[in-house]
Amino acid sequence: METTAEIGGVCGAISNYNTGMAQAFGVPAMTMGQPGHCAYTYWQGITDGWRLRNGIGGWWLSTNGKIYKPGYTLHMMEEAQSYHRSDYILSEKLRLATLLADPSKHFQILERSTTACPFNMNAWFNLIAMSRETGKMTKF
């Protein structure tokens with residue numbers, strides 16, 4: 001946050017920072033696009049569900065831009081957090097390991113991440129993006 005204050009940042013910087021902080025602590029979170037804006041959502045728990053933050057409107061304005069229906073992604077992430085927490089945490093650790101790993105290992109690590117928790121949509125988004133970039137295909 002200090003860097004954002006120093007060099008500046010608006011909605012995207014704030015939402016990406018908060019999403020990253022939540023994920024670093026094992027809390028499912030993702031950025032959500034809104035018209036001309038970037039909000040974020042994170043999982044508050046079974047009783048409170050998903051919380052939309054840094055938004056300019058309600059859920060009806062929000063999509064994550066990666067899948068056709070935002071409700072589907074939220075449902076999958078809720079499933080991961082609520083009923084498959086240990087698998088989700090392992091999956092996220094593997095997904096985030098690609099930030100430090102040798103790029104030649106990214107595909108293999110992401111496949112392990114999606115196997116560890118098939119409900120981790122961020123892992124699937126990363127694997128699909130990598131498949132498109134590299135031309136590699138996996139068992140989708």
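Strands β2 (residues 37–43) and β3 pair in the antiparallel sense, over 4 bridges. The model that shows this pairing is predicted. The protein as a whole has 6 helices and 3 strands, and from the N terminus on its elements run α-α-β-β-β-α-α-α-α. Buried residues make up 41% of the 140 residues.

**The sheet**

- Strands of a sheet pair through backbone hydrogen bonds, either parallel or antiparallel.
- Here the sheet is open, its 3 strands have the order β1-β2-β3, and the pairing is antiparallel.
- β1 (29–34) and β3 (50–53) stand at the edges with a single partner strand each, so one side of each is left without a neighbour in the sheet.
- From one strand to the next, the twist averages 30 degrees.
- β1 and β2 pair in the antiparallel sense over 6 bridges.
- Within that pairing, G33 has C38 in β2 as its bridge partner.
- The hairpin formed by β1 and β2 has 2 residues between the strands, and G36 in the turn has a positive phi of about 70 degrees.

- Which residues of β3 lie on its covered face, and which on its uncovered one? W50 and L52 are on the covered face, while R51 and R53 are on the uncovered face.
- W50 and L52 also belong to the largest nonpolar core.

**Helices against the sheet and against each other**

- Helix α2 (residues 11–24) lies across β1 and β2 and runs at about 15 degrees to β2.
- Two packed helices are described by the angle between their axes and the distance between the axes.
- For helix α4 (residues 85–97) and helix α5 (residues 106–116), the angle is about 170 degrees and the axes are 8 Å apart.
- Angles over 145 degrees count as roughly antiparallel, and α4 and α5 are therefore roughly antiparallel to each other.
- On the α4 side the contact is made by D87, L90, S91, L94 and R95, and on the α5 side by I109, L110, R112, S113, T114 and A116.
- These contact residues divide into 5 nonpolar, 3 polar and 3 charged.

**Nonpolar cores**

- In soluble globular proteins, nonpolar side chains tend to be buried together.
- The largest nonpolar core in this model has 12 residues: M30, M32, A39, W43, W50, L52, M77, A80, Y88, C117, M121 and F125.
- Which elements each supply at least two residues of this core? They are β1, β2, β3, α3 (70–83) and α6 (121–134).
- Another core, of 5 residues, lies apart from the largest one and includes F107, L110, W124 and M130.
- L110 also takes part in the contact between α4 and α5.

- M77 has its place in helix α3.
- Is M77 buried or exposed? Its relative accessible area is 0%, under the 20% cut-off, so M77 is buried.
- Leaving aside neighbours within four places in sequence, M77 is in contact with P28, M30, W50, Y88, F119, N120, M121 and N122.
- M77 and Y88 are 11 residues apart in sequence, and their C-alpha atoms are 9.0 Å apart in space.
- Across the protein, among contacts between residues at least 6 apart in sequence, 45% join residues at least 24 apart.

- H37 lies in strand β2.
- H37 is buried, with a relative accessible area of 17%.
- Apart from neighbours within four places in sequence, H37 is in contact with C11, M32, N54, G55 and I56.
- N54 is partly exposed, with a relative accessible area of 30%.
- N54 has a positive phi of about 55 degrees, although it is not a glycine.

Methods:
Residues are numbered from 1 along each chain as its sequence is written. This is a predicted model: local features need pLDDT of at least 70, side-chain atom pairs count only at pLDDT 80 or more; totals for chains, interfaces and linings use all residues. Side-chain values use heavy atoms; hydrogens and water are left out. Two strands pair if DSSP finds at least two bridges between them. Axes are lines fitted to C-alpha atoms, for helices over the stretch in contact, and angles run from 0 to 180 degrees between N-to-C directions. Contact means heavy atoms within 4.5 Å. Angles under 35 degrees count as roughly parallel, over 145 as roughly antiparallel, 65 to 115 as roughly perpendicular and the rest as oblique. Ala, Val, Leu, Ile, Met, Phe, Trp, Tyr, Cys and Pro count as nonpolar, Asp, Glu, Lys and Arg as charged, and the others, Gly among them, as polar. A nonpolar core is a set of buried Ala, Val, Leu, Ile, Met, Phe, Trp, Tyr and Cys residues joined through side-chain atoms within 4.5 Å. Buried means under 20% relative accessible area, exposed over 50%, partly exposed in between (1.4 Å probe, protein chains only).
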